[in-house]
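The following note sets out points for a colleague who wishes to read this model element by element. It is arranged as numbered paragraphs, each on one part of the fold.

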Amino acid sequence: MSNDEHNIIPSRRRFVQLAAFGAIGLNGCAVAPASGAATVPTPGDWPEADDEFWKMVRRQYPLTRERTYLNTGGLGPATYAALDAMRAAQMELQRISEHGHSRFRRIRESAAAFLGVGADEVAFMRNATEGNATIASGIKLSAGDEVIFESHAHPGGAIPWMTRQKEDGIRVKIFDPDPSSADGNLERIASLITPRTRVVQVSHITAPTGIVMPVADIAKLCRDRGLYFHVDGAQSCGAIPFNLRDIGCDSYAACGHKWLGAPHGTGLLYVRRERLDDVVPTEVGAYSNGDYELPSTFDYNDTAQRYEPGTRDVTSVIGMQTAMEFMTSIGMDRVAEYTRGLGVYLQEQLAALDGVEVLTPADPMLRGGMTTYKIRGTKYDDLYRHLFNNHRLRCRVVSEQGLDALRVSTHIFNSKADCDRVVEGTRELLV
Ligand SMILES: Cc1ncc(COP(=O)(O)O)c(C=O)c1O
């Protein structure tokens with residue numbers, strides 16, 4: 001079933017599906033949400049009526065109440081259901097001492113449906129970096145060839161290319177992302193393209209300030225110019241709805257251990273079927289192969305499984321499948337509506353404080369659930385420490401590119417009250 005189909009499931013049925021994940025009580029049906037339309041809430045339009053529903057969602061996570069967790073952009077908690085599924089599979093497989101690789105087929109199909117692509121185009125990774133590095137190390141490039149990405153790229157997206165610059169003499173060209181306009185980002189990329197450009201990469205949502213990049217437009221630009229286009233989806237998978245086929249990128253790397261709520265050490269890599277032979281597998285071994293006979297017969301596996309050599313931990317991937325089912329049962333449109341709504345709510349209040357500057361785009365269409373802000377004249381680590389030590393608010397410092405700011409991630413287990421605490425704590429530093 002596609003994400004879209006899930007989003008038109010009547011709310012009561014969807015809620016009962018969610019109840020099937022365990023800790024949710026069925027007595028909550030009376031407050032089941034209205035069906036998840038993909039609208040961006042305006043500040044006065046906050047869906048208060050859904051409070052009980054989101055409290056129940058919150059109870060699906062084993063998060064301690066001793067602190068308020070606002071760092072899903074760094075690492076997201078897994079749900080009880082995902083952890084239970086992983087543990088059960090671990091015990092079952094250890095008892096018979098089997099690796100359980102046959103389970104990958106079904107999970108690959110689910111993951112492909114979640115991403116909107118074919119099962120033969122999906123590989124399981126341990127994190128987003130591994131997916132990014134598979135692309136960066138696998139594309140054939142010569143010295144002097146150019147790769148464009150944004151200056152706000154996470155090291156997990158940038159370092160694989162920096163390594164090729166160092167080792168192979170390719171040239172990295174970077175642009176500062178435009179926080180105010182999708183077209184601005186497109187223009188900044190276009191202005192860097194030369195006859196030597198081979199690859200463009202962007203973060204789907206940038207890590208430091210949470211800018212949503214116009215990936216479909218960039219994909220078109222790259223197609224028109226004959227360039228390879230890779231998306232680092234570490235901050236988008238499980239955060240916003242998308243369909244990779246519609247986006248039209250050549251590849252996409254993501255992790256499960258942020259917004260998706262999957263166990264640590266999980267990730268996905270999509271490589272468009274037509275591009276599989278353009279991304280040479282650099283880590284290879286058993287399972288990377290198709291025909292194989294020593295000494296002279298060897299073909300790559302004709303699917304993206306070529307990027308998965310050796311024995312794998314299927315149990316964390318089983319946990320990731322449960323996490324995807326959980327997100328789908330809520331509906332990705334609704335997840336994004338809620339988390340973006342919280343972000344907009346937080347941003348509005350922070351922006352109203354004298355001395356505070358919000359770096360995340362004001363346009364709701366250019367942002368997801370992350371809000372980055374700074375207090376003029378206050379060091380980012382003082383702000384971080386004040387909120388953590390005095391209010392038990394776990395945010396994340398943003399020291400990249402001299403931004404000197406703090407990032408607050410609001411996910412489906414967070415609430416307006418969490419945002420209010422951030423605002424109150426921040427206000428204390430202003431007096
Ligand atoms: C945009 C981006 N890319 C890559 C990464 C690295 O993710 P992982 O630790 O799963 O490799 C992150 C982590 O914050 C990120 O935000």
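Predicted model: local features only at pLDDT ≥ 70, side-chain atom pairs only at ≥ 80, totals over all residues.

**Notes on helix packing, sheets, loops and ligand shell**

1. In helix α13, Leu383, His386, Leu387, Asn390 and His391 meet Arg421, Val422, Gly425 and Leu429 of helix α14. By class, the residues of this contact between α13 and α14 comprise four nonpolar, four polar and one charged. Helix α13 covers residues 380-391 and helix α14 residues 416-430; their axes come within 10 Å and cross at roughly 120°. The crossing of α13 and α14 is right-handed.

2. The crossing of α5 and α11 is left-handed. On the α5 side the contact is made by Phe104, Ile107, Ser110, Ala111 and Phe114, and on the α11 side by Val314, Val317, Ile318, Gln321, Met324 and Thr328. Eight residues of the contact of α5 with α11 are nonpolar and three are polar, with no charged residue.

3. Helix α5 also has a place against a sheet. Spanning residues 104-115, α5 lies across β2 and β8 and runs at about 105° to β2. Both strands belong to an open sheet of seven strands, with mixed pairing and the order β2-β8-β7-β6-β5-β3-β4. Strands β2 (122-125) and β4 (171-175) stand at the edges of the sheet; each has a single partner strand, so one side of each is left without a neighbour there. From one strand to the next, the twist averages 20°.

4. Strand β7 (residues 251-255) and strand β8 (residues 267-271) run antiparallel and are joined by five bridges. Ala254, for instance, has Leu268 in β8 as its bridge partner.

5. Another open sheet has four strands in the order β11-β12-β15-β14, with antiparallel pairing. Its edges are β11 (356-358) and β14 (396-398), each with a single partner strand, so one side of each is left without a neighbour in the sheet. Neighbouring strands of this sheet are turned by 35° against each other on average, direction ignored. Strand β14 is joined by three bridges to strand β15 (residues 405-409), and the two run antiparallel.

6. Tyr287 is found in the loop between β8 and β9 and has a positive phi of about 85°, although it is not a glycine. Is Tyr287 buried, exposed or partly exposed? Tyr287 is partly exposed, with 16 other C-beta atoms within 10 Å.

7. The peptide bond from Leu294 to Pro295 is cis, with omega near 5°. Pro295 is placed in the loop between β9 (289-293) and β10 (297-300).

8. Which residues come nearest to the ligand? Of the 14 residues around the ligand, they are Asn127, Thr129, Gly156, Ala207 and Cys255. The elements giving two or more residues to this shell are α6 (128-138) and α7 (155-168). By class, the residues of the shell are four nonpolar, nine polar and one charged.

9. The protein chain has 14 helices and 15 strands. Of its 431 residues, 48% are buried. Among contacts in the protein chain between residues at least 6 apart in sequence, 71% join residues at least 24 apart.

Technical notes. Residues numbered from 1 in each chain as written. Pairing = 2+ DSSP bridges. Axes fitted to C-alpha atoms, helices over the stretch in contact; angles between N-to-C directions. Contact = placed C-beta atoms within 7 Å. Left-handed = near helix turned anticlockwise from the far one by under 90°. Nonpolar A, V, L, I, M, F, W, Y, C, P; charged D, E, K, R; others polar. Buried ≥ 20, exposed ≤ 12 C-beta atoms within 10 Å, placed from the backbone. Near = placed C-beta within 6 Å.
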